[in-house]
Amino acid sequence: MKTRSIPRVLSIAGTDPSGGAGIQADLKSIAANGGYGMAAVTALVAQNTRGVRSVHTPPAAFLLEQLDAVSDDVAIDAVKIGMLGSADIIGTVGKWLVKTAPAVVVVDPVMVATSGDRLLEASAEEALRSLLQHADLVTPNLPELGVLLNEPAAQDWETALAQGRELSRRYDVTVLVKGGHLPGGDCPDALVDVHGRLAEETVEFRTERVATANTHGTGCSLSAAVATVQARTGDWTESLKQVKDWLYGALLRADELEVGQGNGPIHHFHHHVAPPRSAFSQQCWDRTAGLRKGIFDLPFIRQLADGTLPEADFAYYLAQDALYLADYSRALARASSMAPTAAEQLFWAKGAYNCIEVEAALHREWLTGRDVTDRQGPVTKQYVDHLLSAGTSGGYAELVAAVIPCFWLYAHVGEVLHAQYRGTGAADHPYGAWLDTYADEEFAEATRQAVGIMDDVAARSSAEERRRMLAAFEESSLYELRFFDAPRLYAAASAE
Ligand SMILES: Nc1ncnc2c1ncn2[C@@H]1O[C@H](COP(=O)(O)OP(=O)(O)O)[C@@H](O)[C@H]1O
Ligand SMILES: Cc1ncc(COP(=O)(O)OP(=O)(O)O)c(N)n1
């Protein structure tokens with residue numbers, strides 16, 4: 001297939017004056033994915049983020065005039081077909097496709113909007129099935145897949161894939177089965193083709209489900225984007241990979257748009273606009289709320305707060321922390337060596353220095369006279385391995401996200417424990433002096449700067465890099481929890 005760096009892509013679809021779905025969404029998706037967008041309107045839809053009010057369908061002959069006006073003048077590299085509305089319109093589009101034979105035809109078999117309003121007359125379902133013979137790719141959601149096969153909508157992923165295979169077999173077409181309507185923490189999609197046009201019969205793409213109500217026009221946007229990238233790459237699997245990544249970012253940042261009071265649109269141009277400075281760290285913080293709760297529920301933290309923590313557990317914690325800091329300093333030094341700006345280089349270098357010079361010295365002071373192991377325990381070792389591997393196999397962005405929880409959780413736990421201790425006014429608290437050093441304003445300021453750097457790095461990173469950053473942040477946060485729990489599990493054994 002002949003590919004083109006800026007493909008000319010025609011959307012044949014209905015309108016959405018609120019800009020989230022239909023032609024308006026298609027044009028944004030095409031542009032966001034590097035194409036030149038064109039549009040022929042099948043129906044004028046009075047709708048917004050809350051639902052459809054009415055539909056006006058101009059005569060099919062006028063749609064044909066629009067289509068001919070484009071194809072008589074412009075070489076069309078790809079066509080995306082969305083809302084068609086009636087059998088009359090479907091027939092007109094089918095004949096035009098036969099006449100023009102575009103290289104890429106993607107059909108999104110739009111039937112019902114998220115709001116529940118019908119966008120295809122029930123009597124036109126058979127006509128829509130017959131249009132599939134002109135399609136290279138069809139992108140039904142699960143209810144639409146069921147209707148096209150005259151079967152109930154799939155309730156699980158295995159049934160959905162089986163239906164995808166059946167649709168591919170019946171209509172000799174590649175099917176994109178979309179799992180957005182299934183419950184669960186991720187959104188599976190799969191390209192399915194039983195006629196050998198893909199490397200494998202089923203190629204799956206999974207992304208995490210984004211917690212947002214702003215998904216209006218997701219299906220329209222996806223199909224227009226796939227048509228565009230396919231005309232650029234000539235490879236369905238590669239196209240889906242690129243588009244899913246872009247779509248994930250568009251959903252992740254949909255809430256920033258604040259459009260409408262119902263299900264708002266996705267952020268088509270998220271990759272051209274830097275996220276608000278604090279957006280990424282807020283996301284990291286929100287995602288690890290459960291782990292923070294877990295930390296405050298640990299016996300170690302409760303006992304450290306009320307002064308009942310066994311001395312041996314405290315000593316084990318201090319010893320492991322000193323061992324950890326020696327390698328944490330190396331991870332910060334690595335971040336310094338990878339930093340793209342002098343300011344970031346200096347910040348991490350100072351952090352590496354402070355770990356050894358200030359923090360470890362403090363630990364040594366507290367450890368004097370205590371009989372403790374000088375070997376890394378299992379959790380310390382795993383945590384350090386995670387940091388060092390982020391610094392070698394991950395990039396700078398991943399390493400930065402991996403080192404932040406140590407700053408942030410230490411500062412947060414310190415602040416909370418210190419406030420609790422001060423609140424009790426207990427003069428004889430065995431760990432009072434330690435808790436006083438724990439809430440240090442200089443360290444809190446360094447933490448704010450570190451989190452700011454992470455936000456800056458996230459703002460200049462791709463959606464895929466941000467996803468890896470988030471995973472690295474979560475993993476380090478989990479190790480922070482395990483680190484606080486390690487004395488309970490390993491202190492006694494290490495003393496033997
Ligand atoms: N909350 C979400 N988070 C991540 N991806 C989503 C989410 N909702 C839908 N998607 C993805 O958006 C695309 C459209 O999905 P779907 O909702 O199944 O179709 P439609 O929008 O046509 O009803 C699919 O790629 C699906 O995996
Ligand atoms: C004019 C028009 N076309 C299609 C839809 C439905 O779009 P879809 O991408 O399926 O998005 P939601 O149904 O999720 O909004 C529409 N609303 N209007």
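The model on screen is a predicted one.

## Stop two: H12 against H14

Next, show helix H12 (residues 311-338) together with helix H14 (residues 378-392). The angle between them is about 5°, with the axes 9 Å apart. H12 and H14 are therefore roughly parallel to each other, since angles under 35 degrees count as such.

For the side chains, pick Gln320, Leu323, Tyr324, Asp327, Tyr328, Ala331 and Arg334 on H12; on H14 they meet Thr380, Tyr383, Val384, Leu387, Leu388 and Gly391. The residues of this contact of H12 with H14 divide into eight nonpolar, three polar and two charged.

## Stop three: the whole chain

Zoom out. The protein chain has 18 helices and ten strands. Of its 496 residues, 45% are buried. Among contacts in the chain with a separation of 6 or more, 73% are between residues 24 or more positions apart.

## Stop four: the nonpolar cores

Select Val79, Val93, Val106, Ala135, Val226 and Ala227. In the largest nonpolar core, which has 77 residues, these touch the most other members. Helix H8 (residues 236-252) gives the most to this core, with nine residues. A second, separate core has 62 residues, including Phe280, Cys284, Trp348 and Leu409.

Return to alanine 135. Apart from its neighbours within four places in sequence, alanine 135 is in contact with Val105, Val106, Val107 and Val173.

Move on to leucine 137, in strand S7 (residues 137-138). Is leucine 137 buried or exposed? Leucine 137 has 24 other C-beta atoms within 10 Å and is therefore buried. Leaving aside residues within four places in sequence, its contacts are Val106, Thr174, Leu176, Val226 and Trp236. Draw a distance from the C-alpha atom of leucine 137 to that of leucine 176: the two residues are 39 apart along the chain, and the atoms are separated by 7.0 Å.

## Stop five: the two ligands

Select ligand 1. It is surrounded by 18 residues, of which the closest are Asn141, Lys178, Gly180, Cys187 and Gly219. Strand S9 (186-192), helix H7 (218-233) and H8 are the elements that give two or more residues to this shell. The shell around ligand 1 has six nonpolar, nine polar and three charged residues.

Now switch to ligand 2. Here 20 residues surround the ligand, and the closest are Gly14, Ala21, Gly22, Gly219 and Cys220. The elements giving two or more residues to the shell around ligand 2 are strand S3 (44-48) and H7. Which of the elements gives the largest share of the shell around ligand 2? That share comes from H7, with three residues. By class, the shell around ligand 2 has eight nonpolar, eleven polar and one charged residues.

## Stop six: leucine 222

Stay on helix H7 and pick leucine 222. Leucine 222 counts as buried because it has 28 C-beta neighbours inside 10 Å. Not counting residues up to four places away in sequence, leucine 222 touches Thr139, Val243 and Leu247. The C-alpha atom of leucine 222 is separated by 7.9 Å from that of lysine 244, a residue 22 places away along the chain.

Most residues other than glycine have a negative phi. Two places to check against that are given here.

Asparagine 150 has a phi near 65°, a positive value. Find asparagine 150 in the loop between helix H5 (142-149) and helix H6 (157-171). With 9 other C-beta atoms within 10 Å, asparagine 150 is exposed.

For aspartate 172, phi is near 50°, again positive. Aspartate 172 sits in the loop between H6 and strand S8 (174-178). Aspartate 172 has 13 C-beta neighbours inside 10 Å and so counts as partly exposed.

Key:
Residues numbered from 1 in each chain as written. Chains lettered and ligands numbered in written order. Predicted model: local features only at pLDDT ≥ 70, side-chain atom pairs only at ≥ 80, totals over all residues. Core = buried A, V, L, I, M, F, W, Y, C linked by C-beta atoms within 7 Å. Buried ≥ 20, exposed ≤ 12 C-beta atoms within 10 Å, placed from the backbone. Helix = DSSP H or I, 4+ residues; strand = E, 2+ residues; numbered from the N terminus. Contact = placed C-beta atoms within 7 Å. Axes fitted to C-alpha atoms, helices over the stretch in contact; angles between N-to-C directions. Parallel < 35°, antiparallel > 145°, perpendicular 65-115°, else oblique. Nonpolar A, V, L, I, M, F, W, Y, C, P; charged D, E, K, R; others polar. Near = placed C-beta within 6 Å.
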